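Me: I am new to this structure and would like to learn how to read it. Could you walk me through it step by step?

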Amino acid sequence: MAAAAAAAQGVSATQREEPVRDDAAVETAEEAKEPAEADITELCRDMFSKMATYLTGELTATSEDYKLLENMNKLTSLKYLEMKDIAINISRNLKDLNQKYAGLQPYLDQINVIEEQVAALEQAAYKLDAYSKKLAKYKKLEKR
C-alpha cells in the first residue's frame, strides 16, 4: 500500500523502499512536498475563485457603465428633441413677427416721412419766430 501511495505521489516504489536516512533535509523535502501540493491546489482554487469574483465585478461594472451611458444618451436625445421643438417654435414666431413687421413697414415709412416734415416745420417755425422778433424790434424802433 505504501508503494501505491508513493506511486500516486510520483515517487517510484524502488525509491520508497530505500532505507530512510537520518538526513533532515531529505525528510523535510518529502514532508514539505506533500502539504505543498494540497496547499497549491487549495491556493489555485482560491485564486480562481477570487479571479472569477474579480472578473464578475469588472464585467458588472462595465455593464453598469454601458447602462449609464445608455441612460445618458436617452436623456440627451430627449433634451435635444425638446430643444428642437423650442427652436421650431422660435422659428415660427420669428416668421410671424417678420410678416407683421412687413405689414407695418408702410406705416413706419409714413411715420418717418411725417417726422421729417415735422422737423422741417419746426425749423420753419424757428425761422419765423426769429423773423417776428426782428420785426418787433423794428416796429419799436419805428415808433420812436
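Me: How many salt bridges are there, and what counts as one?

Reply: Side chains of opposite charge can pair when their charged atoms come close. The rule asks for a side-chain nitrogen of Lys or Arg within 4 Å of a carboxyl oxygen of Asp or Glu. By this rule there are five salt bridges. This is a predicted model, where local features need pLDDT of at least 70, side-chain atom pairs count only at pLDDT 80 or more, and totals for chains, interfaces and linings use all residues. Residues are numbered from 1 along each chain as its sequence is written, and side-chain values use heavy atoms, leaving out hydrogens and water.

Me: Which residue forms a salt bridge with Lys-79?

Reply: That is Glu-82, with the closest N and O atoms 3.9 Å apart. Helices here are DSSP runs (H or I, at least four residues), numbered from the N terminus. Glu-82 and Lys-79 are separated by about one helical turn because they are three residues apart in helix α3.

Me: Where do Lys-67 and Glu-64 lie?

Reply: Both are in helix α3, three residues apart, about one turn of the helix.

Note on methods
Helix = DSSP H or I, 4+ residues; strand = E, 2+ residues; numbered from the N terminus.
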